[in-house]
Amino acid sequence: MTSRCLLALAIILFTPALHAQNMADHTYTSATIATGSRVYLQRCALCHGPDGGWVEDINLARGKFKSVVTDKDLIEIIHRGAGDGRMPAFNLTEEEMEGIVAFIRTGFDPDGEAVIIGNMQRGKQVFNGKGECSSCHRVQGIGPRSAPDLSDIAFKRTPAMLQRTLTRPASSLMPINRPIEIETAGGEVIRGRRLNEDTYTVQIIDGNERLLTFEKASLRRFEVSTTPTHTPTTLPEDDVADLLGFLLSLRGNAQ
Ligand code: HEC
Ligand code: HEC
């Protein structure tokens with residue numbers, strides 16, 4: 001760790017005013033996440049399991065809850081208990097509580113990558129506005145189909161994975177999301193996104209939202225790209241944090 005990081009950490013840990021602000025802004029440091037990991041293993045893992053998925057309909061690592069939406073809800077549940085006493089109330093220190101929230105919000109990420117989760121409403125504005133995300137992504141029935149539908153992305157990816165999609169896309173590209181390029185027997189070159197693939201056929205959606213199915217054997221060329229569509233975002237850190245807040249609120253149409 002460089003001395004600058006250490007200094008930043010020291011300021012976060014020892015300055016009360018900044019510390020409070022830190023909690024409000026959901027800036028998680030590796031030290032906080034490490035505290036959370038320890039508390040989790042001691043107090044929560046018994047019921048929720050090491051991967052957070054043991055209690056029915058809940059997956060703490062993937063942010064799948066019953067009633068919890070905000071960090072405030074999360075803190076309240078831990079203080080009060082849940083399920084008519086099936087989950088006991090916990091009396092945690094502020095530091096332990098901050099740690100456990102960080103640990104859950106970073107998706108139990110062993111790397112302890114610091115994730116900043118901002119304001120959901122502002123994130124929605126960035127998504128539809130200057131971020132231009134809605135020009136490619138569909139959310140709750142609105143928007144194009146050429147990029148992955150993000151309507152329930154909060155259930156599918158951890159906060160750390162979502163942050164990486166924006167800041168370091170090359171390290172987070174999911175195999176099914178890899179862009180593909182094909183050349184038909186007639187010489188037409190089509191770029192698009194894979195929806196399904198089996199041994200003999202591949203179904204893709206192209207930039208004009210055409211749904212196309214091809215026999216692989218009939219294709220002249222079939223290339224799966226390893227270059228992500230996203231380039232590392234140039235949006236300021238605050239906007240990225242707000243976008244994360246918005247993405248984590250996307251839990252499907254049912255909720
Ligand atoms: C004795 C078992 C037990 C322990 C220990 C336990 N939980 Fe739970 N937890 C449950 C059960 C059961 C539920 C589901 C309650 C319900 O059905 O509403 C639950 C629900 C939750 C929820 C989801 C609440 C909602 O409505 O969205 C969260 C978040 C949670 N637990 C976090 C924790 C954390 C963090 C710890 C450790 C500090 C912990 N739990 C310890 C059993 C436990
Ligand atoms: C030019 C179209 C385009 C724009 C603009 C765009 N995306 Fe994407 N996005 C994609 C494509 C295509 C993928 C699939 C992976 C790839 O090709 O890199 C993707 C992947 C993602 C994923 C990962 C989905 C998964 O399944 O893990 C997230 C999250 C995401 N984008 C969010 C955003 C946000 C937030 C913005 C705005 C800042 C944005 N995207 C702007 C096209 C776009």
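This is a predicted model: local features need pLDDT of at least 70, side-chain atom pairs count only at pLDDT 80 or more; totals for chains, interfaces and linings use all residues.
Student: Which protein atoms are the donors of the iron atom of ligand 2, and how far from it do they lie?
Tutor: Two histidine side chains supply the protein donors of this iron atom, and in both His-137 and His-230 the atom concerned is NE2. The pair links distant parts of the chain, since His-137 sits in the loop between α6 and α7 while His-230 sits in the loop between β5 and α9, 93 residues apart. The donors are therefore His-137 (NE2) and His-230 (NE2), and their distance from the iron atom is 1.9 Å.

Student: Why is the arrangement around the iron atom of ligand 2 octahedral?
Tutor: There are 6 donor atoms around this iron atom, and the angles they subtend run from 86 to 179 degrees. Six donors count as octahedral if opposite donors are over 155 degrees apart and all others lie between 65 and 115. The arrangement is octahedral because of those angles, 86 to 179 degrees.

Student: Which side chain has a polar atom 2.6 Å from an oxygen atom of ligand 2?
Tutor: The residues that come nearest to ligand 2, out of the 21 around it, are Cys-133, Cys-136, His-137, Thr-229 and His-230. The side chain of His-137 has an N or O atom 2.8 Å from a nitrogen atom of the ligand, and a polar side-chain atom of His-230 lies 2.7 Å from a nitrogen atom of ligand 2. The contact with an oxygen atom of the ligand at 2.6 Å comes from Thr-229.

Student: Which helix gives the largest share of the shell around ligand 2?
Tutor: By type, the residues of this shell divide into 12 nonpolar, 7 polar and 2 charged. By position in the chain, the largest share is 3 residues, and these come from the helix that spans residues 159-167, namely α8.

Student: Which residues coordinate the iron atom of ligand 1?
Tutor: The 6 donor atoms around this iron atom subtend angles of 83 to 178 degrees, which makes the arrangement octahedral. Two of the protein's side chains coordinate the iron atom, through an NE2 atom and an SD atom, at 2.0 to 2.1 Å. One of them lies in helix α3 and the other in the loop between α4 and α5, 39 residues apart, and both are buried. They are His-48 and Met-87.

Student: Which side chain has an N or O atom 2.5 Å from an oxygen atom of ligand 1?
Tutor: Among the 21 residues that surround ligand 1, the closest are Cys-44, Cys-47, His-48, Lys-66 and Met-87. A polar side-chain atom of His-48 lies 2.8 Å from a nitrogen atom of the ligand, and the side chain of Ser-67 has an N or O atom 2.6 Å from an oxygen atom of ligand 1. The contact at 2.5 Å belongs to Lys-66.

Student: How many residues apart are Lys-72 and Glu-76 in helix α4?
Tutor: Side chains of opposite charge can pair when their charged atoms come close. The side chains of Lys-72 and Glu-76 meet in a salt bridge, with 3.7 Å from N to O, and Lys-72 is exposed at 59% relative accessible area, while Glu-76 is partly exposed at 35%. Their separation in the helix is about one helical turn, because they are apart by 4 residues.

Student: Which residue forms a salt bridge with Arg-191?
Tutor: Arg-191 is exposed, with a relative accessible area of 57%, and belongs to a network of salt bridges that links Glu-181, Glu-183, Arg-191, Arg-220, Arg-221 and Glu-223. One partner has its closest O atom 2.7 Å from the closest N atom of Arg-191, and this partner is Glu-181.

Definitions and conventions: Residues are numbered from 1 along each chain as its sequence is written. Chains are lettered from A and ligands numbered from 1 in the order in which they are written. Side-chain values use heavy atoms; hydrogens and water are left out. Donors are N, O and S atoms within 2.8 Å of the metal (3.2 Å for Na, K and Ca); water is not among the atoms, so sites may look incomplete. Four donors count as tetrahedral if all angles lie between 85 and 135 degrees; four count as square planar and six as octahedral if opposite donors are over 155 degrees apart and all others between 65 and 115; anything else is irregular. Helices (H or I, at least four residues) and strands (E, at least two) are DSSP runs, numbered from the N terminus. A residue is near a molecule or strand if one of its heavy atoms lies within 4 Å of it. A polar contact is a pair of N or O atoms within 3.5 Å; within protein, one must be able to donate a hydrogen and the other to accept it, and residues adjacent in sequence count only if both atoms are side-chain atoms. Ala, Val, Leu, Ile, Met, Phe, Trp, Tyr, Cys and Pro count as nonpolar, Asp, Glu, Lys and Arg as charged, and the others, Gly among them, as polar. A salt bridge is a side-chain nitrogen of Lys or Arg within 4 Å of a carboxyl oxygen of Asp or Glu. Buried means under 20% relative accessible area, exposed over 50%, partly exposed in between (1.4 Å probe, protein chains only).
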